[in-house]
Amino acid sequence: MRLVANWTASLRNWIYFLFSLALGLGAGAFSAQYAVRQGAAAPAVIIGPWQSFTETGGSELNPYALAYTSIYGSLKLENFEVLYFVAKKDDGNTILSGDCEYVIKGNVPDAKWWSLTIYDQNGSLIDNPAERYSFNGTNVLLKQKKEFTIALAARARAGNWIPIEAGKPFVIMLRLYSPGINSIRDANEISFPKVERLNCS
């Protein structure tokens, strides 16, 4: 009888231990994922809706910055080679949503090559029949050779248009390859495009 009682108590302790371990691992994974997605734990330059890690190519990034940049950027290039900026909100500080329509307006950045790409919150391209995911310095239609306007909407639009998925949040990635020296020294010198929200369903 005592043996059965000891065995039951031991089993109960193991169950408590395994439950506590699973709970701790789950909470840790959730908090780490939240910090990575929000970018809250990583040092960043924030200008309007755009934010960037102060070092994209160095080895001194903390684990959150490493994880976040591995999803939305690259760790292989230094700042003088490429600058990355992510927008998760519009100019009105509202989370980007596929239920709304947006327009990105700006001047051609001071860089040898640049691109604007749309991703879902998991860092994946948004699948669409038109196979449109990005515009860059070689395929975007310009006004007066220096101004561009890109529409973001679930339904097709004429001109520069990138599809987004209705009901789903998304992020915008701006990449500047071989940026100008002023842009490297001070991100405030960069002419960032505006992200304006239009109609919402």
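Start by selecting Asn93, which sits in the loop between strand S3 (82–87) and S4; strands here are DSSP runs of E, at least two residues long, numbered from the N terminus. You are looking at a predicted model, where local features need pLDDT of at least 70, side-chain atom pairs count only at pLDDT 80 or more, and totals for chains, interfaces and linings use all residues. Residues are numbered from 1 along each chain as its sequence is written, and side-chain values use heavy atoms, with hydrogens and water left out.

Now check the backbone of Asn93: phi is positive, about 65°, although this residue is not a glycine. Most residues other than glycine have a negative phi. Asn93 is also exposed, at 55% relative accessible area (exposed means over 50%, buried under 20%, partly exposed in between, with a 1.4 Å probe and protein chains only).

Next, jump to Ser178 in strand S10 (residues 170–179). Here too is a non-glycine residue with a positive phi, about 50°. Ser178 is partly exposed, with 35% relative accessibility.

For the last stop, select Cys100 and Cys200. The structure holds 1 disulfide, formed by this pair with sulfur atoms 2.0 Å apart (the cut-off is a pair of cysteine sulfur atoms within 2.5 Å). Which parts of the chain does the pair link? Distant ones: Cys100 lies in strand S4 (residues 100–107) and Cys200 in strand S11 (residues 194–200), 100 residues apart. Turn the view to the S-S bond and you will find a right-handed link, with 105° about that bond. Cys100 is buried at 8% relative accessibility, while Cys200 is partly exposed at 40%.

Methods:
Helices (H or I, at least four residues) and strands (E, at least two) are DSSP runs, numbered from the N terminus.
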